[in-house]
Amino acid sequence: MKNFISVNDVQDINALVKKAMEYKIAPFKDKSAGAGKRVGCLFLNPSMRTRLSTQIAAQNLGMDAIVFNVGSEGWALEFEEEAIMSGNTVEHVKDAAPIMGKYFDILAIRTFPSLKNREDDYSELYIRQFIKYAGIPVVSLESATLHPLQSLTDIMTITESLENNKQKKISHKPKVVLSWAPHVKALPQCVANSFSQWMNAWGHADFVITHPEDYELNEQFTKGATITNNQDEALKDADFVYVKNWSTYNDYGKIYCNDPDWMLTRDKLKLTHQAKVMHCLPVRRNVELSDEILDSSDSLVTQEAANRVWAAQAVLSEILRSNS
Ligand code: CP
């Protein structure tokens with residue numbers, strides 16, 4: 001694995017999940033794999049889980065992890081080629097990234113979309129420019145359109161949950177539903193895009209996406225899934241419900257319908273096959289998901305967030321192995 005930007009960088013999803021699960025059992029078994037190596041974690045946006053889990057993962061492998069909040073503490077970076085830098089940007093990525101490439105062995109970066117210009121966001125300029133100019137492996141800590149570490153964790157959590165419920169594992173292919181939820185802000189499509197991309201590539205589930213009209217995602221990520229605007233129909237017999245808000249893709253970055261009836265409730269969960277509920281967090285309680293679900297044993301959200309460490313550790317370990 002040279003970089004980790006999307007599922008396309010992964011040869012075998014199940015093998016990577018297995019590796020993550022092995023680290024969960026024995027966190028320090030590769031304590032010397034990253035000795036003398038350093039990962040730079042660059043944040044252009046806020047984070048709690050991604051930031052902490054990546055640092056812990058690196059430390060478990062014996063690596064140093066240095067976090068740099070570029071967005072709030074660094075010089076404002078310019079990403080456009082041939083830019084005339086007479087505006088607010090102070091340093092070009094062309095100058096900054098090669099220096100980071102000398103300081104670090106791996107560069108891990110979190111960016112967000114503007115949600116203003118779809119073409120710009122979906123071109124993934126920030127990540128592409130770091131890959132182009134850093135000269136070292138780059139790991140996405142969430143980009144403008146994808147969140148691959150979250151998706152790897154999500155598949156690990158589904159796999160783990162099935163292992164713990166042998167009856168479900170043996171009896172049928174699990175039904176996994178990605179269900180749009182209301183929100184007060186326009187959010188990126190990253191988590192939904194990425195989850196769809198990974199679920200389709202994984203192929204071990206009956207994957208259904210449900211959302212109100214006008215919330216269609218980019219087909220390049222959803223192709224292969226069953227898509228319906230009827231949430232009740234989608235939830236029927238589901239084994240896992242992944243709840244997530246996203247803003248519109250076609251008329252980009254907007255909130256259209258924000259019907260509170262799309263919030264997953266205990267009553268809706270009765271339609272499912274005793275489904276477990278997932279969310280990447282942070283979650284707006286009683287807007288996206290009700291307290292009664294989040295505070296119940298049906299919720300996998302804490303386990304899911306805890307698993308971020310092992311997913312990050314598996315990815316860093318693979319990159320160290322491939323680039324040693
Ligand atoms: N799920 C997730 O990426 O959480 P953070 O934004 O806290 O990193």
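As the model is predicted, local features are reported only at pLDDT of at least 70 and side-chain atom pairs only at pLDDT 80 or more, whereas totals for chains, interfaces and linings use all residues. Residues are numbered from 1 along each chain as its sequence is written, and side-chain values rest on heavy atoms, with hydrogens and water left out.

The protein chain is divided into domain 1 (7-146 + 307-322) and domain 2 (150-305), with bounds that come from an automatic or database domain assignment. The centres of the two domains, taken over C-alpha atoms, are separated by 25 Å, and the contact takes 29 residues from domain 1 and 35 residues from domain 2, where contact means heavy atoms within 4.5 Å.

A backbone N or O atom of Arg-49 lies 2.9 Å from an oxygen atom of the ligand, a side-chain N or O atom of Arg-110 is 2.9 Å from an oxygen atom of the ligand, and for a side-chain N or O atom of His-147 the corresponding separation is 2.8 Å. Of the 260 Å² of accessible area that the ligand has on its own, the protein covers 93%, as computed by the Shrake-Rupley method with a 1.4 Å probe.

The backbone also has features of note. Most residues other than glycine have a negative phi, and most peptide bonds are trans. Pro-282 is found in the loop between strand E11 (276-278) and helix H13 (291-294); helices (H or I, at least four residues) and strands (E, at least two) are DSSP runs, numbered from the N terminus. A positive phi, near 65 degrees, is found at Asp-237, which is located in the loop between helix H11 (231-235) and strand E10 (240-244). Asp-237 is partly exposed, with a relative accessible area of 45%, on a scale where buried means under 20%, exposed over 50% and partly exposed in between (1.4 Å probe, protein chains only). Gln-274, likewise not a glycine, has a positive phi of about 50 degrees and is placed in the loop between helix H12 (266-269) and E11, where Gln-274 counts as exposed at 66% relative accessibility.

Val-243, in strand E10, is buried with a relative accessible area of 2%, and Leu-264, in the loop between E10 and H12, is buried at 1%. Although 21 residues apart along the chain, Leu-264 and Val-243 have C-alpha atoms separated by 7.6 Å. Beyond residues up to four places away in sequence, Val-243 touches Leu-264 as well as others including Ser-179, Ala-181 and His-279, while the contacts of Leu-264 include Leu-235, Val-241 and Ile-293. By contrast, the C-alpha atoms of Val-243 and Val-67, 176 residues apart along the chain, are separated by 29 Å.

Gly-74, in the loop between helix H3 (70-73) and strand E3 (77-78), counts as partly exposed at 25% relative accessibility and, leaving aside neighbours within four places in sequence, is in contact with Phe-68 and Asn-69. Thr-302, found in helix H14 (residues 301-306), is exposed with a relative accessible area of 61%, and the C-alpha atoms of Thr-302 and Leu-320 are 28 Å apart in space at a sequence separation of 18 residues.

Terms used
Polar contact = N/O pair within 3.5 Å; in protein donor to acceptor, adjacent residues only side chain to side chain.
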